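Hi,

Here is the structure I promised to pass on to you. Have a look at it first, and then read on for what turned up.

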Amino acid sequence: CADWHSVNLSKYFLPKEAPIEHIEFASRDDSFLGTLSGILVAQKNISSAPSVIIVHGYRSCKTLFSSLVPGAMLFHAGYNVLLIDLRGHGNSTEHD
């Protein structure tokens, strides 16, 4: 444990210059009248990079470490990352 300070943790966090865009979009479910909230972290050339969607667990949200850490790791690996809040979670509405 004496070498913990030499471990590079940067891959677990988004760099300050990462392009973070907060988005909202409508559900494809016609019975759901609200909006879903998301965070898009895109590579410089968004169209040529593969994309992944990260969905949180029950009673959670997109801004907890359980979503952010895998999102940052995938961004560092060259992926576009979309983190979303499900209905009634985080910043998404809960109208049914």
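A word on one term before the findings: a polar contact here is a pair of N or O atoms within 3.5 Å, and within protein one of them must be able to donate a hydrogen and the other to accept it. Please also keep in mind that this is a predicted model.

Let me begin with such a contact. The side chains of D85 and K62 are joined by a polar contact of 2.7 Å. D85 belongs to strand β4. Its relative accessible area is 1%, so D85 counts as buried, the cut-off for that being under 20%.

Now to the sheet around that strand. It is an open sheet of four strands, in the order β1-β2-β4-β3, with mixed pairing. β1 and β3 (51–55) are the edge strands, each pairing on one side only. On average, neighbouring strands are turned by 25° against each other, direction ignored. β4 (residues 80–85) runs parallel to β3, and five bridges connect the two. Within this pair, L82 of β4 has I53 opposite it.

One of its members, F13, sits in the segment before β1 (20–26). Why is F13 classed as partly exposed? Its relative accessibility is 46%, and that class lies between the limits of 20% and 50%.

Enjoy looking through it!

Best wishes

Conventions: Residues numbered from 1 in each chain as written. Predicted model: local features only at pLDDT ≥ 70, side-chain atom pairs only at ≥ 80, totals over all residues. Heavy atoms only, no water. Buried < 20%, exposed > 50% of the residue type's maximum accessible area, 1.4 Å probe, protein only. Pairing = 2+ DSSP bridges. Axes fitted to C-alpha atoms, helices over the stretch in contact; angles between N-to-C directions.
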